Amino acid sequence: SSVANAWSRCRQWRPGPIRLSRHDFVRAFAVGRSRGNETLTAPPAHANLRGMESPPQVAALERGRAAYARHAWREAYEQFCAADQETRPLSPDDLERLGTAAYLIGKEEESCEALTRLHQEFLQRGQTERAIRAAFWVGFTLVMRGEHARGGGWLMRAQRLLEEDQRDCVERGYLLVPPAIRSIMSGDPQTALGLLTDAAEIAVRFGDRSLLALIRQAQGRATI
């Protein structure tokens, strides 16, 4: 199939670093980032803290969530880092916020570190789909900045988990984007557009605005 062939060619994908604009990623990586129809939201004061965090960690988490909600990415990053230095680990949602905020202020390695932790946390919890999503973002971020060996390994890990899970999920759409971009870079826009169309159908079916925004950026490259 075209998907299998494109994924096979991804193993030899060696373009230079590819950059979507920071504005585009604000839409595709943060603002529209969702799980199905769910979005990350700042919880009420002291919600889900259960008295286990220290007072400094509680305060830093509340400031970080508030900053994230108003898209103050640097402040959010600093506050989540402060909270992460305390004894209690960040929740998965807060780890995802930390990774997203880090990316959006140019701290890509720190973003990948947070999302790697997120991936492991979801695996431990048996939440395979969300583990796949975290692995995708680690791999995609690395490949986009030219780290093909590391990034390709993460994308193949995500693909392997998806194949093992055999579940109908929106992550299947995310994993069509890298081979589509690879097809664009190798001069095969028709294959790319076919993959992106399939990905868009999945995004619409699951109501995932993050994936749709990412697809639009890739479609723009395919039609240049």
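Analyst: Axes are lines fitted to C-alpha atoms, for helices over the stretch in contact, and angles run from 0 to 180 degrees between N-to-C directions. This is a predicted model, where local features need pLDDT of at least 70, side-chain atom pairs count only at pLDDT 80 or more, and totals for chains, interfaces and linings use all residues. Residues are numbered from 1 along each chain as its sequence is written, and side-chain values use heavy atoms, without hydrogens and water.

User: What makes H3 oblique to H5?

Analyst: The axes of H3 (residues 55-69) and H5 (residues 92-104) cross at roughly 55 degrees and come within 11 Å. Angles under 35 degrees are roughly parallel, over 145 roughly antiparallel, 65 to 115 roughly perpendicular, and the rest oblique. H3 is therefore oblique to H5.

User: Which residues make the contact?

Analyst: H3 supplies Leu61, Arg65 and Tyr68; H5 supplies Asp94, Arg97, Thr100 and Ala101. Contact means heavy atoms within 4.5 Å.

User: Why is histidine 71 called partly exposed?

Analyst: Its relative accessible area is 37%. Buried means under 20%, exposed over 50%, partly exposed in between (1.4 Å probe, protein chains only). Histidine 71 therefore counts as partly exposed. This residue lies in the loop between H3 and H4 (73-84).

User: What makes glutamine 166 count as exposed?

Analyst: Its relative accessibility is 68%, so glutamine 166 counts as exposed. Glutamine 166 is in the loop between H8 (148-165) and H9 (171-174). Phi here is near 50 degrees, again positive in a residue other than glycine.

Technical notes:
Helices (H or I, at least four residues) and strands (E, at least two) are DSSP runs, numbered from the N terminus.
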